[in-house]
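I set down here, in order, what I looked up in this structure. The entries begin with a term that I needed for the surface.

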Amino acid sequence: MRVQTGAVKHFDANRLEGEVRDAVQQHPHIQALDFVPRTTLAPPVPDYVSHRDDVSEIGKLSAEAIVKEYEETAKEIETMGDVVREMVQRCEQLTASASAMLKDIKTTAARYRKEGKRMFTEIESCSSATDEVRRLCETFRDKLAARESEASK
């Protein structure tokens with residue numbers, strides 16, 4: 001492994017092409033292909049980037065490959081956002097449902113309190129009526145006992 005020190009050397013595409021051609025000539029079992037410029041239209045790069053004029057073909061291809069990977073990842077992130085949006089909608093539905101349930105719970109508790117008050121009042125009324133009947137019976141018994149006492153005299 002060669003370690004480079006100092007300033008980074010300027011990349012020379014022509015020099016690299018020449019070195020590759022020399023390597024191919026030294027190894028006859030490797031067949032060289034003539035350089036063919038891109039004529040097929042590659043999928044366009046996203047709208048938020050554009051190529052500079054002073055960039056080599058290799059630089060353009062590398063930049064396109066990287067930005068396309070980033071764009072695919074950004075689309076996946078947006079897809080996660082759709083999942084989160086669905087979760088938010090479900091939470092909103094649950095919140096609305098829970099709010100309705102809380103309202104029903106408060107209404108039911110109020111009805112139970114009202115019924116408890118009614119039962120309380122009814123039991124006290126029955127107790128008062130029972131006390132009055134008992135007192136009337138005692139008074140009637142006492143009157144009957146007093147008449148019997150008078151009659152036996």
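Entry 1, surface patch. I took a patch to be made of residues with over 30% relative accessible area and no salt bridge, with nonpolar side chains joined within 5 Å. The model I searched is predicted. I found a nonpolar surface patch of about 340 Å², made by Val83, Val84, Met87 and Val88. I then looked up one of these residues, Val84, and placed it in helix 2.

Entry 2, the chain as a whole. I noted two helices and zero strands in the protein chain. The accessible surface comes to about 14700 Å², and carbon and sulfur atoms account for 59% of that surface. I also looked up how much of the chain is buried: 3% of its 153 residues.

Is Glu64 buried or exposed? I found a relative accessible area of 8% for Glu64, so this residue counts as buried, the cut-off being under 20%. Glu64 lies in helix 2, which covers residues 57–152. I also recorded a polar contact, at 2.6 Å, between the side chains of Glu64 and His51.

How many disulfides does the structure hold? I found zero. A disulfide is a covalent bond between the sulfur atoms of two cysteines. I looked up the exposure of Cys91 and recorded it as partly exposed, with a relative accessible area of 46%. Cys137, at 48% relative accessibility, is partly exposed as well.

Conventions:
Residues are numbered from 1 along each chain as its sequence is written. This is a predicted model: local features need pLDDT of at least 70, side-chain atom pairs count only at pLDDT 80 or more; totals for chains, interfaces and linings use all residues. Side-chain values use heavy atoms; hydrogens and water are left out. Helices (H or I, at least four residues) and strands (E, at least two) are DSSP runs, numbered from the N terminus. Buried means under 20% relative accessible area, exposed over 50%, partly exposed in between (1.4 Å probe, protein chains only). A polar contact is a pair of N or O atoms within 3.5 Å; within protein, one must be able to donate a hydrogen and the other to accept it, and residues adjacent in sequence count only if both atoms are side-chain atoms. Accessible areas come from the Shrake-Rupley method with a 1.4 Å probe; for residues, only the protein chains shown count as cover. Patches are made of residues with over 30% relative accessible area and no salt bridge: like charges are joined within 9 Å, nonpolar side chains (Val, Leu, Ile, Met, Phe, Trp, Tyr) within 5 Å. A salt bridge is a side-chain nitrogen of Lys or Arg within 4 Å of a carboxyl oxygen of Asp or Glu. A disulfide is a pair of cysteine sulfur atoms within 2.5 Å.
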